[in-house]
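My notes are below the display.

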Amino acid sequence: MFVGWKQVLFVFLALVLALCMLPKYADAHKRQSEKEIAPPHRVHTAEQRSVSGKADNGHDENPGEWYKGETPPNLQDDAPILLFVPGLNNIAQIFWEDNDMYQTAYEAGYQTAFIQLHDAGGESANMWDNGALLAEKIHDISDYFAGKPITIIAYSKGGVDAQTALAYYDAWEYVDRVITLSSPHHGTELADLAYSWWAGWLADLLGARGDGTYVMQTGNMEEFRSLTDQKAYAYYNDYYTLGGTGWASSSAATWFGGVYLSQYGTNDGVVTTKSSALPHSEESIIADWDHTSIRTGDAFSSFADYLTAESSQKTSTADEYTETEGHIPNQWVYGNEIAGDEKNVVTIPVEEKVEAATIHLLTDKPVERVKLFAPSGEDAVSNARMNKHEEGYFPQAYSQTITKTKPAAGKWELEVDAGEAEAYLLVVDYETSPKIKLHTNASQNNGRQQMFQLEAVDEKIAQSSLRTTYRIVEAQHPENREIFSANNKAALSQTIELEKEDTVYNITIDVEGKTTDGELFKRTIIESVYTN
């Protein structure tokens with residue numbers, strides 16, 4: 001059949017019009033499937049109150065306030081209320097500001113609620129203060145939703161706060177289950193670092209040693225676990241735990257933390273996978289999250305199956321990340337005040353056959369310039385990139401990282417022009433064969449007698465050159481400190497007597513010596529212990 005030119009023109013114009021309208025239809029469909037929901041609204045307004053913390057984290061929210069998320073049109077009638085609990089130095093808004101966790105839960109058909117703990121008021125709190133406040137508000141939230149079961153989604157230290165609320169403050173009866181997102185159930189070695197001999201200058205200036213950081217020391221959390229795991233209602237509720245391993249491509253804070261924690265095993269930049277697992281939890285899911293992405297909607301699909309009683313059980317993936325016995329340190333830690341009127345020079349030893357040396361410099365304020373000089377005197381690196389830590393155990397610190405592949409053996413020099421900075425912390429990570437191993441330290445007399453057994457695991461170490469320095473700090477009162485050294489083979493075995501009971505001690509062990517080629521090496525071990 002012959003088609004006239006008018007018909008052809010009509011079809012052509014109709015096609016053009018349809019193509020022009022297609023993006024609008026696509027946008028409309030997108031708006032319908034990804035509706036921009038309103039932020040959660042405040043249900044309960046609390047009076048400003050604080051706890052006896054030691055640090056100002058910059059927040060000015062009101063602890064005890066809680067928020068109700070929008071009710072989704074596809075609300076699952078038999079689903080629990082999802083109560084999101086923030087972590088150390090966090091506020092409730094971390095779940096919906098620059099984060100799609102709230103949006104993802106909404107689209108999945110869940111009613112959500114969010115809580116401000118004491119940390120939101122400007123000072124980090126321990127699990128006892130936060131646990132008591134959380135338990136009180138869980139009761140209120142349960143009443144508001146007519147007794148509907150609550151499932152807690154707790155991020156980082158919020159998981160410890162949540163278990164405290166349930167086990168110690170009787171909130172267990174209102175809660176169905178708890179999902180923890182990279183919670184340091186056994187503490188984190190970054191808290192140990194903050195209370196170490198070398199980090200004290202910087203941590204005090206940053207206000208990093210608040211009550212919340214104090215209780216996250218591994219020695220303190222070992223005591224907490226021994227007390228909590230035997231409580232009648234410690235595991236009355238079902239617990240599911242998530243942990244991450246993806247710190248390598250993340251922010252400055254998690255990059256620094258990831259490198260430091262790598263000596264203790266796989267981690268997400270703040271918490272090791274070993275610490276994120278709870279002894280009697282139903283599951284332990286490990287994936288390529290960092291400590292920030294694990295609290296986003298990206299992780300929601302991984303724990304969505306555990307939100308209801310009909311959840312199917314999955315096989316744990318935690319066995320893939322089994323830790324080895326003993327601790328092999330490949331890092332050197334050092335810190336001090338910064339002299340503002342002169343160049344500050346730190347000598348960094350590098351032994352032979354080091355594949356790479358990564359130098360992390362943390363300061364309380366920006367420095368004007370950082371320069372690294374090779375043993376030959378050559379200017380190796382200048383003006384390293386500076387990053388600010390927004391979160392983590394050294395919040396508001398400024399860091400610069402320098403990595404040298406196959407560095408020449410000898411004494412390198414790091415030159416720092418202070419600028420406004422008053423203190424620094426230096427962590428050097430050596431990618432090389434291990435030199436020293438700390439076997440699991442034994443203790444007697446309720447932990448007040450600590451016995452450290454070191455081993456030189458490199459046959460090229462000249463054992464007669466070894467020197468070990470023990471720096472002991474009472475964590476709650478860092479002005480109470482002592483120091484002593486041992487040489488030669490005696491450096492490998494020491495027993496330390498700790499005077500006080502019910503006390504957290506930080507023990508920094510600095511080991512130095514020479515290889516048989518005459519090159520100096522240094523390593524640092526940081527231990528946290530609790531005395532009964």
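The entries follow in the order I looked things up.

I am working from a predicted model, where local features need pLDDT of at least 70, side-chain atom pairs count only at pLDDT 80 or more, and totals for chains, interfaces and linings use all residues. Residues are numbered from 1 along each chain as its sequence is written, and side-chain values use heavy atoms, with hydrogens and water left out.

Entry one. I found Thr112 in strand β4, residues 112-115; strands are DSSP E runs of at least two residues and helices H or I runs of at least four, numbered from the N terminus. Thr112 has a relative accessible area of 1%, and buried means under 20% (1.4 Å probe, protein chains only). I listed its contacts (heavy atoms within 4.5 Å): beyond four places in sequence, Thr112 meets Tyr67, Lys68, Gly69, Leu82, Phe84, Tyr102 and Ala105. Lys68 is 44 residues away along the chain, yet the two C-alpha atoms are 6.1 Å apart.

Entry two. I checked helix α3, residues 127-144, and its 18 residues span 25 Å from first to last C-alpha. Buried residues in α3 include Met127, Leu134 and Ile141. Just after α3, I noted a positive phi of about 55° at Ala146.

I looked for nonpolar cores, that is, sets of buried Ala, Val, Leu, Ile, Met, Phe, Trp, Tyr and Cys residues joined through side-chain atoms within 4.5 Å. The largest has 38 residues, and Phe256 and Leu425 are among those with the most contacts inside it. Its largest share, 4 residues, comes from α5. Another core, of 31 residues, lies apart from that one and includes Tyr102 and Ala105.

Note on methods. Buried < 20%, exposed > 50% of the residue type's maximum accessible area, 1.4 Å probe, protein only. Expected span 1.5 Å × (residues − 1).
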